[in-house]
Amino acid sequence: MGKKTKIGRNALCPCKSGKKYKSCCLDSQNNNLHLKEEYQKKYNIILKEPYQIDGIKKSGKLLLSIMDEVENLLAPGLKTDDINTFVHEKIIKANAVPATLNYRGFPKSVCVSVNDVICHGIPGNLILKDGDIVNIDITPILNGFYADASKTFFVGTPTKDGQKIVNIARESLRRGIEIVKPNATLGDIGFAIQSYAEAQNCSVVRDFVGHGVGVKFHEPPQVPHFGEKDRGLKLVQGMVFTIEPMINLGKKDLYILKDKWTAVTNDGSLSAQFEQTILVTETGYESLTPFDL
């Protein structure tokens, strides 16, 4: 790697504006450095550098290619462990690592959550049947960079309740993402999701939240999917985190199975989730795991 050249204050700005560096981008770069140091020190948040963002994007591209292939597999009669085998082999073949495998004792390479399972479903002998909804949550580590996304799919012909909760969960994520821009707050994101979902007579799970991601699986900040406007941490350029609302058709309450992972709705109601990895840009946001919502 070549030696980094320091730009003189009176040199032409590298952005090619024709102005001197001191009158153009110097203040912006100083501000970015200040924010980086402040957010690292105060909140332990890593504002991502361009090379890190590029690495997360590449991991996201792999993730989405696998997700598309999984969607084509889904059909009544498929065993959830078959999904795990498929995802595991695809990740390994790409010279990547499945982040969930052995993470804090999680035994599989993907989370597969069916019907009333909110999240962290462990693939096994369960056989999918017509009318089920199934959330697939994939996190590959490619060249040291993590991308995290999930989708909820219909198996066979969807039920009326299945269609309702999946559509509301998808729209909840879309509304949350649209809030993201510098100087918005985490509370703004949560408010947008909560106010929409509850207006549809659904509930937002409180026990699980979005999170920073990129150089680790789970980084600060936590990103609640409920909240109040203008409350919580301000978003700044370079933050990368997931937004992943879990929306229940019934009440928000849940319990964890004896496997210590699988979260299930207390009332047996359906639950759906969509998730993307989001970058805060200079003027708004960019999804690093983009799919249509």
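**Exercise 1.** Determine which element gives the largest share of the lining of the second largest pocket.

*Solution.* The model is predicted: local features need pLDDT of at least 70, side-chain atom pairs count only at pLDDT 80 or more, and totals for chains, interfaces and linings use all residues. Residues are numbered from 1 along each chain as its sequence is written, and side-chain values use heavy atoms, without hydrogens and water.

Step 1. On a 1 Å grid over the protein atoms alone, a pocket is an open set of points where a 1.4 Å probe fits, with protein on both sides within 12 Å along at least five of seven lines; lining residues have an atom within 4 Å of a point.

Step 2. The lining of the second largest pocket comprises 25 residues, and His120, Phe208, Val209, His211 and His218 lie nearest its centre. Two or more lining residues come from each of β9 and β10 (strands are DSSP runs of E, at least two residues, numbered from the N terminus).

Step 3. The largest share, 3 residues, belongs to β10.

**Exercise 2.** Describe how β9 and β10 are joined.

*Solution.* Step 1. Strands β9 (residues 210-212) and β10 (residues 219-223) run antiparallel and are joined by 3 bridges; pairing requires at least two DSSP bridges.

Step 2. Glycine 210 has valine 223 in β10 as its bridge partner.

Step 3. The hairpin has 6 residues between the strands, and glycine 214 takes a positive phi near 140° there.

Technical notes
Helices (H or I, at least four residues) and strands (E, at least two) are DSSP runs, numbered from the N terminus.
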